[in-house]
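Work through the exercises below with the structure in view. Each task is followed by a solution in steps.

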Amino acid sequence: MEHVENIQSVVGKKRSKSDSNKNNQKWAVLSISSIPLVMTLGNSMLIPVLPAMERQLGISPFESSMIITVYSIVAIILIPVAGFLSDHIGRKNVIIPSLIITGIGGLISAWAGWKMENPYWIILIGRALQGVGAAGAFPIVLPLVGDMFKSDDDVSSSLGLIETSNTLGKVLSPILGAFLAGFVWFIPFFSIPIFCLLSILLMIFLVKSPKKKQEPIPFKKFIASIKDTFKNNWKWLFAIFLIGIILMFVLFAVLFFMSDILEKVYHIKDVKKGLLLAIPLGGLCIASYITGKLIKENKILMKWITFGGIVLLAGSIAFLGMSKAMWFMLSLFLISGIGIGVGLPCLDAFITSGIAKQERGTISSIYSSMRFIGVAAGPPIMAILMKNAENSLFYLLSGLSIIALIATFFAIKPDNE
């Protein structure tokens, strides 16, 4: 009898420890999810503030756009470097200093706007520093989640939450940016270090890095292994890179178009405009969350969900140019947002589950750079199309989506990977 009680006691302790670990992992994933939220807010919430900056600083629209572009360009260049470092010195050892650099960049831009008579160039320096920080923050989240879980099911579910957090940042950005700038135009810069501090505290106290099972391989061998990875997986990897670029390009191009139409045609500005744009972005956010829960470790399901999402995107974008009625456009944008939302967690899961851990940071960082290219290119190219190809711009975007559709169908073959 005493022997049975001892066995039950041991089993109970194991269950209690297992439940405790699961709860810790849930809090860790929620803490990690704060990073894409902070990074997205730190960039996107400045978009509705740009007109106010033009008036206050006496700069042109092109100069104000550089406040966004500098951030993206620096991030695109440094993301692969941050990924390589994270593979060798640890994910948290890259993420936390990157959040600190992002916060310092925000403080420099805020101080310049507050204290200097001609702060434009110092603001750009601060934004460049934020780009440095962004390169080592959100892109490293993907491989960190991949390292934390043994089960592909848990990885894909957590990545769905990460994408949801990223999208939630896009939903909140125009609303929060317009609200804060309503007090003083440079207040959004001051909010960035506060958000970064919260993420740093969550990362320090609630996220434990997985224990390293082996020493990082030497640089030359690492480069050789990356080359082998691309050689053996180039078809589906380049397809995912291409799809990631196209999805983010179309999203930000249409977002730019909708923002412009709401303001210039319907004279809807500031927080009200942000609330309307939050409708399709909210659809994207919910779709990402549900998809992350649904796909588990089923790569074939991931492929066909991505394919179906791009079909929704291509179809809704093709019809978007048929009318400028506000609710017609918002409804179709909602459908396209859902299409993009179901695709993004699947692409993340393909990368994290299909690449060895020692190379995962570098490969996922290259993928993040590709997405940044889409984000950076979408608005300016849409502005050119609106001026020179207004009647055909949505057919062009739909055609681009069909290229992503073809890449999904022919290049992603989970059964052969």
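**Exercise 1.** Find which helix supplies the largest share of the lining of the largest pocket.

Solution. Step 1: the largest share, nine residues, comes from H9. Helices here are DSSP runs (H or I, at least four residues; strands are E, at least two), numbered from the N terminus. The model is predicted: local features need pLDDT of at least 70 and side-chain atom pairs count only at pLDDT 80 or more, while totals for chains, interfaces and linings use all residues. Residues are numbered from 1 along each chain as its sequence is written, and side-chain values use heavy atoms, with hydrogens and water left out.

Step 1: helices that each supply at least two residues of this lining include H1, helix H2 (50-57), helix H3 (61-89), helix H7 (152-181) and helix H9 (219-264). Helix H10 (270-295) and H13 also belong to that group.

Step 2: the lining has 49 residues, and Ile 47, Leu 50, Pro 51, Phe 256 and Ser 259 lie nearest the centre of the pocket. A pocket is an open set of points on a 1 Å grid over the protein atoms alone, with protein on both sides within 12 Å along at least five of seven lines; lining residues have an atom within 4 Å of a point.

Step 3: the volume of the largest pocket is about 1,600 Å³. Grid points are joined across faces, edges and corners, and a volume is the space filled by probe spheres set on the points.

**Exercise 2.** State how many cavities of 30 Å³ or more the whole structure holds, and describe the largest.

Solution. Step 1: the search finds one. In a cavity, a 1.4 Å probe fits but cannot get out.

Step 1: the largest cavity has a volume of about 270 Å³. Its lining consists of 18 residues, with Thr 40, Phe 138, Asn 166, Phe 372 and Val 375 nearest the centre.

Step 2: H1, helix H6 (138-148), H7, H9 and H13 each give at least two residues to the lining of this cavity.

**Exercise 3.** Describe the position of Gln 130 and its contacts.

Solution. Step 1: Gln 130 is part of helix H5 (residues 120-135).

Step 1: Gln 130 has 0% relative accessibility, so it counts as buried.

Step 2: leaving aside neighbours within four places in sequence, Gln 130 is in contact (heavy atoms within 4.5 Å) with residues including Gly 42, Tyr 71, Thr 102 and Ile 192.

**Exercise 4.** Give the helix content and the buried share of the chain.

Solution. Step 1: the chain has 14 helices and zero strands.

Step 1: of the 417 residues in the chain, 53% are buried.

Notes
Buried means under 20% relative accessible area, exposed over 50%, partly exposed in between (1.4 Å probe, protein chains only).
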